[in-house]
Amino acid sequence: MRELLSERKSRHLDMCLDRTMPVEQGRTGLERISLYHSALPESSPEEVDLTTSFLGYSLLLPLIISPMTGGSGKGRHLNRILAQCAEKYGMAMSTGSIRIMLENPEFKSHFMLKEVAPGVPVLANIGAAQLGVYPVQTVLEAVKSIDADGLFVHLNAAQELFQDGGDSDFRGWSRDIEALIRAADFPVLVKETGSGIPPAEGLKLLEMGAAAVDLAGSGGTDWVAVETLKAGSKLSEAECFYGWGYPTALLLLAYRSIMRTDKAGGEKLRGRIIASGGLRTPMDFALALACGAWLGAAALPFIRAAEQGGMEGVGQYVETLRTGITRAVVLSGARNLEAFRRSELRVPEDLQNEARALAFGTAQTAQTAQTAQTAQTAQTAQTAQTAKAVAESAATTGQHA
Ligand SMILES: Cc1cc2nc3c(=O)[nH]c(=O)nc-3n(C[C@H](O)[C@H](O)[C@H](O)COP(=O)(O)O)c2cc1C
């Protein structure tokens, strides 16, 4: 078992680092959104301050390096490079899954990143699937033993289903996460791994007490693809599942709709949404922030930069992000990050409608989109109760009207 898990981690990492492997699938949809341009911006890049608060720390950049490695020699090495960069550039970061450390305590040093990144939040990470295996107390102690500032729980049902020997019983995940949050005296955050957390479930997690939700949509690293490629031709029927889930842009717009139109929902979401899934260019990160995300996050570009160029490579990438986000703030006329997170956006109507449907259920969306002529019918057809029922049923079943 020990070797199996370590070997699997190693294979995953090697495959993701191999640029000939088509591990990225689908589209984020961010190419369909744009910012408004100000021809008279009345600001300058020097004036734009990107610092932001997160888990009691002040970050220099609104960025977090998503959970990836630990559990292999190369993983340990890259993890430390990323942690050093997180500290140097003022970004948050997470370790990869600490499951391997729970099984083999000798791997603990792979996750001791706080010692190189004392000035920024460093999160531990574990899969929801493991919460049903290990007692809550064991998980809490493991997080504390590496001095992490909190725990990122990952949801990866699609990956598990397509992984050789993966878990396929997802019953009890919500219950286990809730029990963990109740018992923890540190922040617990929840993320997907590239299929996305729809708003009904994101809100449910926040209501349970999650400190933040990383919506982690599709369009970037695709774990169905990674597992399929890893298994060779055996799982080729899985290809029709590539890109499964909600594109990152759709999720961002759906959460944004709630933030802008639903007072109670908006209050729950503000400051607690992290965006990831295929964010690569400075504009991807800028758009995520402009949609209202508190932080932007990514995995693949950081690990590739670390492998290829070490600290310098990651530094160059981060500088590109800093400069690009700053320029977007200036050119959109926002002047500061707070205003930028409330940007008006140019969004095609079909995408906006789809996002509203995901946020509120089709009924309420119909109400919004209806012309004056048909508004009456739509109104009768749906009540706030219907929308709530749709959201609740979505939260239970993971399905969306
Ligand atoms: C090499 C590698 C290892 C990963 N391991 C983990 C992990 O241990 N825990 C986790 O929550 N996510 C893990 N992920 C998923 C990422 O955190 C992220 O959710 C996903 O890759 C989508 O983001 P991206 O498109 O920016 O890569 C891993 C990703 C990569 C590339």
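Mentor: Helix α1 gives the most to the shell around the ligand, with 3 residues. The structure is a predicted model, in which local features need pLDDT of at least 70 and side-chain atom pairs count only at pLDDT 80 or more, while totals for chains, interfaces and linings use all residues. Residues are numbered from 1 along each chain as its sequence is written.

Trainee: Which residues come nearest to the ligand?

Mentor: Ser 66, His 154, Gly 220, Thr 221 and Ala 299 come nearest, out of 25 residues around the ligand. Two or more residues of the shell come from each of α1 (2-17), β5 (92-97) and α13 (300-331). A residue is near a molecule if its C-beta atom, placed from the backbone, lies within 6 Å of it. Helices (H or I, at least four residues) and strands (E, at least two) are DSSP runs, numbered from the N terminus.

Trainee: What makes up the shell around the ligand, by class?

Mentor: The shell has 10 nonpolar, 14 polar and 1 charged residues. Ala, Val, Leu, Ile, Met, Phe, Trp, Tyr, Cys and Pro count as nonpolar, Asp, Glu, Lys and Arg as charged, and the others, Gly among them, as polar.

Trainee: Why is Arg 280 called partly exposed?

Mentor: A residue is buried if 20 or more other C-beta atoms, placed from the backbone, lie within 10 Å of its own, exposed if 12 or fewer, and partly exposed in between. Arg 280 has 17 C-beta neighbours inside 10 Å, and therefore counts as partly exposed. Arg 280 lies in the loop between β10 (273-275) and α12 (282-290). From C-alpha to C-alpha, Arg 280 is 8.5 Å from Gly 220, although 60 residues separate the two in sequence. Beyond its neighbours within four places in sequence, Arg 280 is in contact with Ala 298 and Pro 301; contact requires C-beta atoms, placed from the backbone, within 7 Å.

Trainee: Is Glu 46 buried or exposed, and why?

Mentor: Glu 46 is exposed because 8 other C-beta atoms lie within 10 Å. Its place is the loop between β1 (34-35) and β2 (52-54). Glu 46 and Val 330 are 284 residues apart in sequence, yet 9.8 Å apart in space, C-alpha to C-alpha.

Trainee: Why are α12 and α13 called oblique to each other?

Mentor: Their axes come within 8 Å and cross at roughly 50°. Axes are lines fitted to C-alpha atoms, for helices over the stretch in contact, and angles run from 0 to 180 degrees between N-to-C directions. Angles under 35 degrees count as roughly parallel, over 145 as roughly antiparallel, 65 to 115 as roughly perpendicular and the rest as oblique. The two helices are therefore oblique. By class, the contact of α12 with α13 has 8 nonpolar, 3 polar and no charged residues.

Trainee: What makes α10 roughly perpendicular to α15?

Mentor: The axes of α10 (residues 248-261) and α15 (residues 349-360) come within 8 Å and cross at roughly 65°. The pair is therefore roughly perpendicular. Residues making this contact include Leu 250 and Leu 253 of α10 and Leu 351 and Gln 352 of α15. They divide into 8 nonpolar, 2 polar and 2 charged.

Trainee: What share of the protein chain is buried?

Mentor: Of its 401 residues, 51% are buried. The chain has 18 helices and 12 strands.

Definitions and conventions
Two residues are in contact if their C-beta atoms, placed from the backbone, lie within 7 Å.
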